[in-house]
Every structure is written in structure tokens, then in C-alpha cells.
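Look over the sequence and the model before reading on.

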Amino acid sequence: MAKSGVAFSSFSMPNAVYRVSAVALIFWSIFHFFSSFISPSLITNEEAQAKARVELAHKIETAELGRDGFKTLSKDYFRDFYGAEECGLSSTDLYNPHINADGTLTRPYCANKQKLLDALSGGGRIGFNSPFHPLDCEYRWFDPEEICMILDRFDAVIFIGEQRMTSHVYAAFNSLLRKNLAWGGLKNWELNEQLRQRCRCESQYTNPQCGGGSVGVSDHYVVDSTEILDAKEEGLKLGAPYVCNRVFHGLVTINSEPVAAGTLEDIDDILVTYHKTAKPVPVILQQGLAHGFNWDKTTKVMDAILRQVEKREPNPNHRPFLWLGPTSAGHLKPPGVIIEQGNNALHHFTVELGKRAKDRGLDVLNLFNLTLQADSYDGTMYGQEVSLTTAMMIINWLSRVESL
Ligand SMILES: *[C@@H]1O[C@H](CO)[C@@H](O)[C@H](O)[C@H]1NC(C)=O
């Protein structure tokens with residue numbers, strides 16, 4: 001059944017450069033077709049190709065340098081996102097694959113799921129806050145329509161994480177699906193006018209009154225995809241629905257060990273309600289901070305969740321798991337927690353828990369290198385840019401998970 005499936009094929013789709021030159025070529029052929037009636041063979045095929053090469057070379061020569069010092073030719077996927085200008089964010093600030101002088105990718109897209117995860121976990125940045133580059137192959141930036149096609153391959157997608165560590169990632173996932181960088185992670189219909197003004201762009205992530213923040217007392221993050229559907233049905237002033245809302249996705253938060261029985265029931269409810277076909281239900285799992293990055297406590301939570309999901313879906317092909325390692329510590333990490341949450345401890349935790357997750361058959365994506373040279377606003381949490389990048393990495397994993 002699922003094992004004979006294929007990975008999402010659009011992964012190997014040509015990049016923006018190809019698309020641009022393909023469009024140019026189509027226009028040229030149309031022009032040539034009509035003009036050939038007037039003056040036969042105005043310009044030969046070779047001449048046209050040469051012209052296109054010169055045009056591309058010019059485009060590369062005059063392309064702007066990205067924050068990482070490489071020319072940016074990749075398309076701005078945020079161009080038609082609400083709030084892109086207000087938040088001052090272009091996708092090329094986050095994603096800027098290396099290109100050759102002829103416009104082709106310097107490094108190929110990662111050949112398979114394992115290479116993708118290794119490259120994403122092992123990559124880095126050239127300069128603080130500059131775009132992240134995977135280690136030795138490229139990942140893809142998907143537009144919302146492509147993300148919808150990826151999601152359609154599943155019965156549901158479940159994020160299981162922590163209030164503080166993981167809610168940001170799910171907020172960014174929602175922003176991508178709502179094409180909304182200004183407040184795409186939030187239940188906008190819940191906000192009063194003051195919060196509507198305050199909780200925009202980066203503040204969604206950094207202000208505890210809006211989204212996560214460090215305290216997480218009153219957060220207005222969207223918790224699952226049914227909230228958006230319900231708001232629409234109830235006629236609430238929903239500013240930005242999802243581009244697609246056919247597949248359930250949601251965040252289950254776990255902040256304690258042992259895991260509360262009610263939380264395990266919530267996970268079971270999602271499976272009972274939405275896992276109706278033979279399509280898989282991918283689970284993205286992140287734990288650690290709430291357990292003081294204690295290895296054994298965190299492993300117990302991992303095992304409890306695995307056991308719970310296994311009960312409902314015994315076939316591992318139908319419940320692919322992604323273990324998400326913690327982010328590294330920023331320089332604003334309070335001195336009091338450095339022993340427990342400093343980079344030495346976090347690195348050891350990442351390596352050890354990654355090993356334990358692999359032993360249990362889980363895929364592993366580590367965020368340590370992604371955040372090593374990124375700005376953290378409080379030493380623990382990262383804002384919109386890291387969250388959007390992490391969400392896109394998870395979508396890349398989803399695109400490589402086998403389905404029917
Ligand atoms: C970070 O990247 C380096 C270099 O690619 C790699 O050796 C290391 O394993 C990565 N760290 C983690 C925690 O994945």
C-alpha cells in the first residue's frame with residue numbers, strides 16, 4: 001500500500017531561473033511564429049538561444065547581492081503575501097540557493113529524504129542572520145499552492161510540541177498557508193483593536209500578549225485548522241482563510257512528564273476523527289525545554305507519544321514521525337540557566353536525543369545549526385524569520401514522506 005508510493009514529484013521542478021527563461025522562450029516562439037509569415041526566418045533558433053543566454057547573463061550580473069553575499073535570483077515567494085512590505089520581509093532574505101553564472105543551481109536539490117534531513121541539520125549561515133544554507137544540497141521553497149498539494153497526500157498532520165518551543169513553528173506554518181506575514185499565526189477575530197495594532201509581524205512571535213513570548217499566558221495563536229473553518233462558518237471577521245483547508249493540521253502541546261492522560265486522549269481523538277483512509281498521518285514531535293533538557297524525562301515523553309499513536313496506527317509507514325531538535329542558545333540566554341540550557345548542554349541533548357529518536361525509527365531534523373548564527377530575542381526563542389524557515393524545512397520533509 002503506502003510503501004509503493006512515490007515522493008512528491010514537484011520537488012525536482014525547475015527553479016525560478018528556468019521558469020523565467022522558459023517564459024521568455026515561449027514569448028519568443030510566438031513572436032517568431034507570427035513574424036515568419038512576414039519575413040521568413042527572421043532569426044534562427046541558435047540566435048534566439050544565444051540572445052536568451054546573454055539576457056540571463058545580464059540578469060545575473062545585475063542581480064542584487066543577498067545578505068549572504070550571493071547573488072539573489074530566486075523569486076520572492078512573499079511578493080503576494082499580506083504584510084510582506086510592512087514586515088520588511090522577502091523570501092530571499094531566508095532562502096537564497098547558490099547559482100552558477102549560467103543560472104543553474106550550483107548544488108542539486110537533495111536526492112532523498114535522508115540527504116535532505118542531513119543537509120538541513122548540518123548546514124549554516126555565512127554571516128549573522130543571513131540566509132541559511134543546507135550542508136551539501138539544496139532544499140526547496142514551496143509556494144502555498146504547492147504546500148496544499150503536499151498536504152493533500154495525508155489524512156492529517158499533527159505537530160506535538162511545547163507551548164514555548166513549538167508554537168512559533170506552527171504559527172509560521174499557518175502564516176505560509178494564509179499568505180499572511182502580518183498576523184497569519186493569530187486568531188485575528190479574537191483580538192481587540194489595540195492588540196490588532198500591536199500584534200503584527202515580529203510581535204506575533206515576541207510579544208507574550210500576542211503569540212508565544214516567554215510567558216505564554218495569553219496567547220492568540222491558531223491551535224488547529226478547524227478554528228479557521230469554524231470562524232468562517234460562524235461569520236466571524238476572518239481576515240485571511242487558508243489557501244486550502246482540506247487536511248486537518250494542528251498543534252498539541254505537552255509541557256510535563258508524565259504526559260497528562262487528557263493530552264494522550266486528544267492525540268487519539270485526532271487519529272480517530274481524521275485518519276479515515278490509508279493515507280499517512282505525519283507527526284512532528286519536539287520536546288525538551290519543558291523538561292529542563294533532561295535526556296531521560298524527554299525520552300519518556302517521546303515513548304509515551306509513540307505508544308499512543310502506535311495503538312491506533314500500528315504501521316510505521318502510515319505514521320511517519322519527525323523528531324525536531326531544539327534551537328541553540330542565543331547570547332541573551334539568562335546566566336542562571338546556562339548549565340542546563342547553554343550551547344554545550346543543548347548540543348549534547350541534540351546529539352543524544354537524535355540518536356534515541358533514530359533508534360526508535362524516527363526521522364530527525366536538528367535546528368541547532370540553523371539557529372547558531374541567528375538572532376534570538378530572549379536567548380531561547382526565535383522570531384518570524386527562523387520560524388518561517390523551520391516551517392518550510394518541515395514542509396520539505398513532508399514532501400519527501402511516502403504516501404499513496
Ligand atoms: C552542525 O553542522 C555540523 C557541520 O556540518 C555537523 O557536523 C553537526 O553534526 C551539526 N550539528 C548538529 C547538532 O546537528
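Is phenylalanine 293 buried or exposed, and how many other C-beta atoms lie within 10 Å? The model, which is predicted, places 22 other C-beta atoms within 10 Å of phenylalanine 293, so this residue is buried.

**The chain as a whole**

The chain has 15 helices and seven strands. Of its 404 residues, 43% are buried. Among contacts with a separation of 6 or more, 73% are between residues 24 or more positions apart.

Most residues other than glycine have a negative phi, and most peptide bonds are trans. Phenylalanine 293 has a positive phi, near 55 degrees, although it is not a glycine. It sits in the loop between β5 (283–285) and α11. Lysine 179 also has a positive phi, near 50 degrees, and is likewise a residue other than glycine. The loop that holds lysine 179 runs between α6 (163–177) and α7 (193–198). Lysine 179 has 20 other C-beta atoms within 10 Å, so it is buried.

The peptide bond between glutamate 257 and proline 258 is cis, with omega at about 0 degrees. Proline 258 belongs to the loop between β4 (248–253) and α10.

**Two helix pairs**

Two packed helices are described by the angle between their axes and the distance between the axes. The table sets out two such pairs.

| Helix pair | Angle | Axis distance |
|---|---|---|
| α10 (residues 261–274) and α11 (residues 295–312) | roughly 30 degrees | within 10 Å |
| α4 and α15 (residues 384–400) | about 165 degrees | 9 Å |

How are the helices of each pair oriented? The axes of α10 and α11 cross at roughly 30 degrees. An angle under 35 degrees counts as roughly parallel, so α10 is roughly parallel to α11. The crossing of α10 and α11 is right-handed. On the α10 side, the contact is made by Leu264, Ile267, Asp268, Leu271 and Val272; on the α11 side, by Ala304, Ile305, Gln308, Val309 and Arg312. Seven of these residues are nonpolar, one is polar and two are charged.

For α4 and α15 the angle is about 165 degrees. An angle over 145 degrees counts as roughly antiparallel, so α4 is roughly antiparallel to α15. Here the crossing is left-handed. Lys113, Leu116, Leu117 and Leu120 of α4 meet Met393, Asn396, Trp397 and Arg400 of α15. This contact has five nonpolar, one polar and two charged residues.

**The shell around the ligand**

Which residues surround the ligand? They are Ser121, Gly122, Leu135, His347, Thr350, Val351, Asn366, Phe368 and Asn369. Two or more of the shell residues come from each of α4 (113–122), α13 (343–359) and α14 (368–372). Helix α13 gives the most, with three residues. By class, the shell has three nonpolar and six polar residues, and no charged ones.

**A pair separated in sequence**

Leucine 229 is part of helix α9 (residues 225–233). It has 15 C-beta neighbours inside 10 Å, so it counts as partly exposed. Leucine 229 and proline 241 are 12 residues apart in sequence, and their C-alpha atoms are 8.0 Å apart in space.

Key. Residues are numbered from 1 along each chain as its sequence is written. This is a predicted model: local features need pLDDT of at least 70, side-chain atom pairs count only at pLDDT 80 or more; totals for chains, interfaces and linings use all residues. A residue is near a molecule or strand if its C-beta atom, placed from the backbone, lies within 6 Å of it. Helices (H or I, at least four residues) and strands (E, at least two) are DSSP runs, numbered from the N terminus. Ala, Val, Leu, Ile, Met, Phe, Trp, Tyr, Cys and Pro count as nonpolar, Asp, Glu, Lys and Arg as charged, and the others, Gly among them, as polar. Axes are lines fitted to C-alpha atoms, for helices over the stretch in contact, and angles run from 0 to 180 degrees between N-to-C directions. Angles under 35 degrees count as roughly parallel, over 145 as roughly antiparallel, 65 to 115 as roughly perpendicular and the rest as oblique. A crossing is left-handed if the near helix is turned anticlockwise from the far one by less than a right angle, and right-handed if clockwise. Two residues are in contact if their C-beta atoms, placed from the backbone, lie within 7 Å. A residue is buried if 20 or more other C-beta atoms lie within 10 Å of its own, exposed if 12 or fewer, and partly exposed in between; C-beta atoms are placed from the backbone.
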